[in-house]
Amino acid sequence: DESNWPLDDPLTVKRKFDNIFNLSGYTKAVDAMKKVRLHNVHEVDKHKLKVGHLKTYMERAQTLKKEIANDEDSIKQMNKVIDEFDEKSSIFTEEMKELEEKVSTY
């Protein structure tokens, strides 16, 4: 009966080999390394995903900065045009006052 142990169920055979070769510590270490590796793989995947999102946010931020710079330039140009119109308006207002005075004297 003792010589038929290789035909026993797999769990019993594994225990027998573990006892013969003293592999229980090795098996535990391999299992622990597998768990750590699996955890690290999941962590790496999470970080890759996060890096992808951060790259997208960075690209969007750069685009927005460029748009803001362009808008600021446009605002400066529009303010110059407004200042020019204000100057012309004040000149026209002065001319209009002068013309009204001339007309009122006639």
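Why does glutamate 98 count as partly exposed?

1. Glutamate 98 has 47% relative accessibility, so the residue counts as partly exposed. The cut-offs are these: buried is under 20% relative accessible area, exposed is over 50%, and partly exposed is in between (1.4 Å probe, protein chains only).

2. This is a predicted model: local features need pLDDT of at least 70, side-chain atom pairs count only at pLDDT 80 or more, and totals for chains, interfaces and linings use all residues. Residues are numbered from 1 along each chain as its sequence is written, and side-chain values use heavy atoms, with hydrogens and water left out.

3. The protein has two helices and zero strands. Both terms refer to DSSP runs, numbered from the N terminus: helices are H or I with at least four residues, strands are E with at least two. Glutamate 98 sits in helix α2 (residues 24-105). Phenylalanine 21 belongs to helix α1 (residues 10-21).

4. Now the overall dimensions. The C-alpha trace spans about 140 × 20 × 10 Å along its principal axes. The radius of gyration is 43 Å, whereas a compact globule of 106 residues would have one near 13 Å. That radius is taken over C-alpha atoms, and the globule rule is 2.2 Å times the number of residues to the power 0.38.

5. Of the 106 residues, 3% are buried.
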